[in-house]
Structures are given as C-alpha cells and as structure tokens.
Amino acid sequence: MSDSCCATTSKTADRCSAEGNVMLLACSGGSNVGQLANQVCVELTQEGFGKMYCLAGIGGELSGFVRSAQDVTQVVVLDGCEVGCAKAIFQKAGVPLRGHLVLTELGIAKNKDFNLKRDELDKVKTAARQASRGQS
Amino acid sequence: MVIKVLGPGCPKCRQTEEVVRQAVSESGVLAQVENVSGVMEISSYGVFGTPAVVIDGQVKSVGKVPGKKDVLTWLGK
C-alpha cells in the first residue's frame with residue numbers, strides 16, 4: 001500500500017502516514033503456536049511495526065477485508081502449525097499468499113501449554129520482521 | 001448506484017474522489033458519489049487503510065488512488 005495515506009484507527013485516521021502499514025495476520029489457533037502467532041501480532045502492533053488485522057474477516061470473504069489483503073503492500077501471515085489454516089483462508093478467498101510463516105517450522109513444538117515463552121515470542125517476532133522484507 | 005469514497009480528508013482521499021467523479025461523468029452512469037470521513041463508518045467496512053472505494057456495498061479498492069480506467073471498469077464501462 002505504498003500510496004496509502006491513512007490507517008483506519010481512531011488514533012491515526014485524522015492524519016496521513018505511511019508508517020507501520022504492514023498487515024499482520026495470525027491463525028490464532030487453539031495451541032501454543034496458534035497463540036504465539038496471535039501474541040506476536042499484538043506485540044508487533046504495539047511496537048509500531050505493523051497493524052494486526054482480522055483473518056476472520058478474510059475467511060468470511062467480506063469485501064473490505066479481502067480487498068485490503070489483496071491491495072496491501074506488505075503482509076505477514078502467521079500459521080502456528082503445518083495444518084496451515086491461515087494459508088487455506090487466503091487460498092479460499094483468492095488472495096495471493098506473501099510473507100507466510102509456519103511457527104513449527106521455526107523449531108517450536110506444538111502443544112497445549114498456553115504459558116507462552118519469551119524466547120519463542122522473540123524468535124517469531126524476528127522471523128516476522130524478516131518475512132516482511134522484500135515486499136513492496 | 002452509490003459510490004462511497006472512504007477517507008478522513010487527506011490529499012489522496014480527495015484525489016480519489018476526484019478520479020471517481022471524473023469517471024462517473026465520463027461514463028454517463030447514474031451514480032451518487034459520497035465522501036465518508038467518519039472513523040466509525042469507515043471502520044464498518046473493515047478496510048485496512050484509506051482511501052478506499054465502495055460501490056453498492058462492495059469494497060473495490062483500498063489504500064491507493066485508483067486509476068480512472070479501473071473505476072470505469074467497476075462502472076461496467
């Protein structure tokens with residue numbers, strides 16, 4: 001979204017800025033890796049790296065969400081595991097997949113322990129930042 | 001046909017509205033062009049950024065100034 005001027009949050013809608021326009025999406029699934037993906041998107045948004053967005057809206061094929069995912073310049077899509085629910089949602093909605101990461105492929109084991117580990121969060125955040133590079 | 005240009009009033013939003021109005025005028029299509037600047041209403045479309053163009057409830061473009069050719073295509077011309 002190189003010539004986008006504004007993001008639609010109450011904080012930024014009254015001014016124009018191209019900063020922090022990386023779209024961040026997480027599968028937010030029911031395992032540690034799904035929730036790691038979710039928390040990484042929250043933290044990167046809080047740090048101003050990008051903006052977390054609603055994967056459910058794309059899954060529901062709502063035109064504003066699908067079109068936004070198609071038109072955005074930089075996107076990072078985080079799937080917790082190789083099941084690839086986020087990837088499947090993109091395919092179903094006809095949105096080309098870019099900046100896709102699978103957390104288990106980063107060496108993080110999938111389990112049901114929801115006490116997220118700081119070192120794993122940091123590892124995924126670094127990988128997410130790298131995944132956004134080279135897109136324009 | 002109702003065309004909404006979503007944007008809080010920044011230069012690119014105004015440019016988008018201008019492109020849309022030119023395309024409507026050239027096409028001869030009967031369309032009502034509205035500017036939507038309220039944050040809540042913009043948010044209701046779920047768009048990631050502005051400017052955005054909505055035609056009869058369908059979001060056609062997000063985060064960029066569309067080309068007149070694109071708008072004419074959306075108008076069926």
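Predicted model: local features only at pLDDT ≥ 70, side-chain atom pairs only at ≥ 80, totals over all residues.
Q: Why is A:Glu61 called partly exposed?

A: Buried means under 20% relative accessible area, exposed means over 50%, and partly exposed is what lies in between (1.4 Å probe, protein chains only). A:Glu61 has a relative accessible area of 41%, so the label is partly exposed. Residues are numbered from 1 along each chain as its sequence is written, chains are lettered from A and ligands numbered from 1 in the order in which they are written, and side-chain values use heavy atoms, with hydrogens and water left out.

Q: What makes the phi of A:Glu61 worth a mention?

A: Most residues other than glycine have a negative phi. A:Glu61 is not a glycine, yet its phi is positive, about 55°. You'll find A:Glu61 in the loop between α2 (55-59) and α3 (63-71) of chain A.

Q: Which residue of chain B has a positive phi although it is not a glycine?

A: That's B:Asp56, with a phi of about 45°. Look for B:Asp56 in the loop between β4 and β5 (58-62) of chain B.

Q: How do you know which stretches of chain A to call helices and strands, and how many are there?

A: Both are DSSP runs, numbered from the N terminus: helices are H or I with at least four residues, strands are E with at least two. Chain A has five helices and five strands. Starting at the N terminus, the order in chain A is β-β-α-β-α-α-β-α-β-α.

Q: What makes A:Ser132 a buried residue?

A: The relative accessibility of A:Ser132 is 3%. Being buried takes a value under 20%, so A:Ser132 gets that label. A:Ser132 belongs to helix α5 (residues 118-132) of chain A.

Q: Which residues does A:Ser132 touch, not counting residues up to four places away in sequence?

A: Contact means heavy atoms within 4.5 Å. A:Ser132 touches A:Val22, A:Phe49, A:Gln74 and A:Val76.

Q: What does chain B consist of?

A: Chain B has three helices and five strands, in the order β-α-β-α-β-β-β-α from the N terminus on.

Q: Why is chain B called as compact as a globular protein of that length?

A: The radius of gyration is taken over C-alpha atoms, and the globule rule is 2.2 Å times the number of residues to the power 0.38. For 77 residues the rule gives 11 Å, and the radius of gyration of chain B is 11 Å, close to that, so the description applies. The C-alpha trace of chain B spans about 30 × 25 × 15 Å along its principal axes, and 48% of the chain B residues count as buried.

Q: Is B:Gly76 buried or exposed?

A: Exposed: the relative accessible area of B:Gly76 is 61%, and the label needs over 50%. B:Gly76 lies in the segment after α3 (68-74) of chain B.

Q: Why does B:Gly63 count as buried?

A: Its relative accessibility is 0%, which is under the 20% limit. B:Gly63 sits in the loop between β5 and α3 of chain B. The C-alpha atoms of B:Gly63 and B:Ala52 are separated by 6.0 Å, with the two residues 11 apart along the chain.

Q: How do you know that B:Cys10 is buried?

A: B:Cys10 has a relative accessible area of 4%, again under 20%. B:Cys10 is in the loop between β1 (2-6) and α1 (11-27) of chain B.

Q: What kind of peptide bond joins B:Thr50 and B:Pro51?

A: A cis one, with omega about 0°. Most peptide bonds are trans. B:Pro51 is in the loop between β3 (49-50) and β4 (52-55) of chain B.
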